[in-house]
Amino acid sequence: MRDGVEVPTDAERLDAERAEVDRIEIARLESERVLEETRLAAEHAEAEAVRLAEEEAREYARLEAEYAEADRLAREQAESERLAAELAEAERVEAERVEAERVETDRLEAERIESERIEAERAETERVEAERIESERIEAGRAESERLETERLEAERAETERLQAESAEAGRIEAARAAVEKIPVEEQDRSATEPAVAALLASALVASPDPDAPFDFSDLDPELVDIFIEEAGDLLDHSDGLLAQLREHPTERESLVGLQRDLHTIKGGARMAGIMAVGELGHAMESLLEAVVELRGELGQDGIPLLERGFDRLHAMITRVGARRAIDPSEALIEEFNARALGRPAIVTAAPSQVAPAQASPGPEPVKDLKPLSAPIGDALPGDDDDISVRAPQEQVRIRADLLDQLVNYAGEVAIYRARLEQQLGAFRSAMGEMEQTNMRLRDQLRRLDIETEAQIIARYQREHETADATFDPLELDRFSTLQQLSRALGESAADMSSLQGTLDDLTRQYETLLLQQSRVSSDLQQGLMRTRMVPFDALVPRLRRVVRQAAGETGKQVQLKLDGAQGELDRNVLERMTAPLEHMLRNAVAHGLETPDQRRKANKSDEGAVRIAVRREGSEVVLEVGDDGRGLDRGAIRRRGEERGLVRADAVLANSDLDMLIFEPGFSTAQEVSRLAGRGVGMDVVASEVRQLGGTLDIASREGEGTTFTLRLPQTLAVTQAVFVRIGETSFAVPIASVRGVGRIGRDEFGKPGTTYGYGGEEYVVHDLGGLVGHGVARAEGQMQMPVLLIRSGELRAAVAVDQIVGSREIVVKPVGPQVASVPGIFGATIMGDGSVVVILDIAPLVRRRAALPRETEPAQAAAEHRVPLVMVVDDSVTMRKVTGRVLERHNFEVASARDGIDALERMADRVPDLMLLDIEMPRMDGYELATAMKADPRLRNVPIVMITSRTGEKHRQRAFEIGVERYLGKPYQENELVRNVYELLELQPRGDD
């Protein structure tokens, strides 16, 4: 203890420090325990929270699943309820439908019963009426029999007189025949060119079985007879086509059924009109066909010739009735048909120039009374009417040909007047342009006049020093002189003229619009009238077939007429003028072109010869080819005959083509004996003259032992066409635009080289000078760096014709130029321009051919072979598909042929094998698979590539096509680019630059 203060000892201090340390340690431990407990509590709370969250999530998922299940069950229940409702609705609708059907059935049954009752009543009424009519007929028949007995006695007397007259006529004909046989061959050749002498020979050598008397119309209705004649002519033309089908396919039942139907209609119409002879012959022919169709008989080898004779006789009878001449009943021919129909030996009636022994029949049947009028056809004859039925009747109006020609001429005159209006309107438009320029100059001059007059006013004011009123200058006070007033008046007049000019411009535009509309209507009118003048070539086919059959019968030869492209159309006038030349050429082909069956067998040919007529269009020309597979022209005989007549010198060297042209000389013939049929060459000068008068050309191609082909190139129409106008020197010419491929230009240095060609569209066009072709000066094209050329294409011909100027194109009216000018090669016709001038229409192709024919046998054939256009055949039963595909190919410079099915395609390929075929699958008669199989089996056709285009795009159809050998398989509708690409690939061609 120090100074009264107790001082702690070290021990106490240490104890205090130790106690403090213990206390601090305890506090620390306590705090750590509290923290540990807090941490554990927090971890426990966190774990509890996680557990609670997991339990909550599980509970939420369970609830969600329960909700989803409940929703699914609700949807399933709703769906089942909906299905049950739909089922109930369907059952209700079905029940209603069944009830409606039952009600409809009950109604129909009631109507049927009612109709049967009405029909029974009608039948009973008709029966009563028929009995009444029959009783009246019997009574009338008794009176008629008394009248007929009287007429019979009179007829016997007339018959006796007729027989006496016929005997005298027969003696006269025999005398004429003897006289004809004494005529020398040369005189007969000359007489063949005289129409009167030819008519005399024909009348002397042809004996008609029909009586030379007028037709008796005493008990007939002439109007009804005329209606029947018109209908019978159409039916006989249709039957002629069916006969041709039957000759090609003798076992085809459809042709027989079609012929039977036509004969049934002819028979009924003839009996209705009262021409019983026609009705009886038609009935006999129908009976034969009915027996063949029902398999109760057969046609045999001579059945089709017998049918042809029957149809020819029907045609002759109809023609004579139309000419109001009497007809023979043809009882022998009827007996022959009846015998064939009953399976009995027939009396064979020989054709006019055939010598065949007649087989005796067991005895003629008793003459039967004429049957009453045949009832209408109640049940349709079996068969398919798709291809052989008569065309459905359409509303038609008959119009005289001369009236139609007048209408076409009037339409042409309207076109000429329209052209003059267009020309005058163009001149008026030019005058309006000049008037606008004049008004502009007038306004400029008036503006300068105003400036000058204002300057004069100011100058005069300064000069006179007017000081009366200095506030206004002279212009502000309108101190104008008379000159200024007149200039202002002129300005107002100029403004009025500008306004009037605007009005005239508006009226001119309206007139141009109206004229354009009138032009379209006029063009439609002209095209419609031209379509009425165009007639299909196949309208002439039945007549040509009869000519061939008649010539074949008279010469004892077997001949078949084959046609290609007979659906082409020609101008009616062209077709009428070419009918007689075509008949003459066919008779020549049969009489002297084709060999007899024995000669053909020796030459390893079939007994049946073929005469082929092909019709096609090339540009503005229609090409007719008449050929045969006979012996060909005897050029040795032609040369000998030419030397005898002084046409050829004995030492002259002539090409075959020049020798062939000798047959066109008047009166030229190589025939050694006289025949009723024209010899080859006799009358050919008339054929050539007619072709030249029509503005066409005639060429000959003949190979010994293989046949002769005459190629006639004729204008398609003689009326309205589009033309390109060109100028050479001071002369203008028109060229039909159908033969123009395009226009171009060629350098002057190249134009002067011989043999120059111009490339266009992947083809080479030989350059010609229009001046040289028409006899004018050489084309110069002054003022132009290059020569304009007109590219002409006609068939295999390609020509680039140089001219001085190409004026433009327009529609023209073709006017005839008369036989003298039309006979000049290359003149198509003439047209009248708007100013009244006449422009000659040129046909460039004959001019170029005439120029190329000078070295006749050298370059042209080779050039044609080098530039041959590939032929693509489109085979499809759809007309639309054939047309669309054909246009696509033609746009790419391919030649296109079409066929409606496999049979038609094989017939067309008999004459020409295409380079490629586009083929459909589903077609009548022969489908695409069958045609492709037949082609791949034919050595001549197996290398033709085939592209099959069909809507059957399944793998099975595709696989079968490739197994047959088809190269490409496309689906419908096809893409044009894809089709053209495949065509180029298969033909191994390079696509053209302009495609």
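**The five-strand sheet**

Mentor: Five strands with mixed pairing form an open sheet in the order S2-S4-S5-S7-S6. Because strand S2 (558–564) and strand S6 (697–703) stand at the edges with a single partner strand each, one side of each has no neighbour in the sheet. Neighbouring strands of this sheet are turned against each other by 15 degrees on average, direction ignored. Here helices (H or I, at least four residues) and strands (E, at least two) are DSSP runs numbered from the N terminus, and two strands pair if DSSP finds at least two bridges between them. Axes are lines fitted to C-alpha atoms, for helices over the stretch in contact, and angles run from 0 to 180 degrees between N-to-C directions.

This is a predicted model, in which local features need pLDDT of at least 70 and side-chain atom pairs count only at pLDDT 80 or more, while totals for chains, interfaces and linings use all residues. Residues are numbered from 1 along each chain as its sequence is written, and side-chain values use heavy atoms, with hydrogens and water left out.

Helix H11 (residues 541–555) lies across S2 and S4, and runs at about 160 degrees to S2. Contact means heavy atoms within 4.5 Å.
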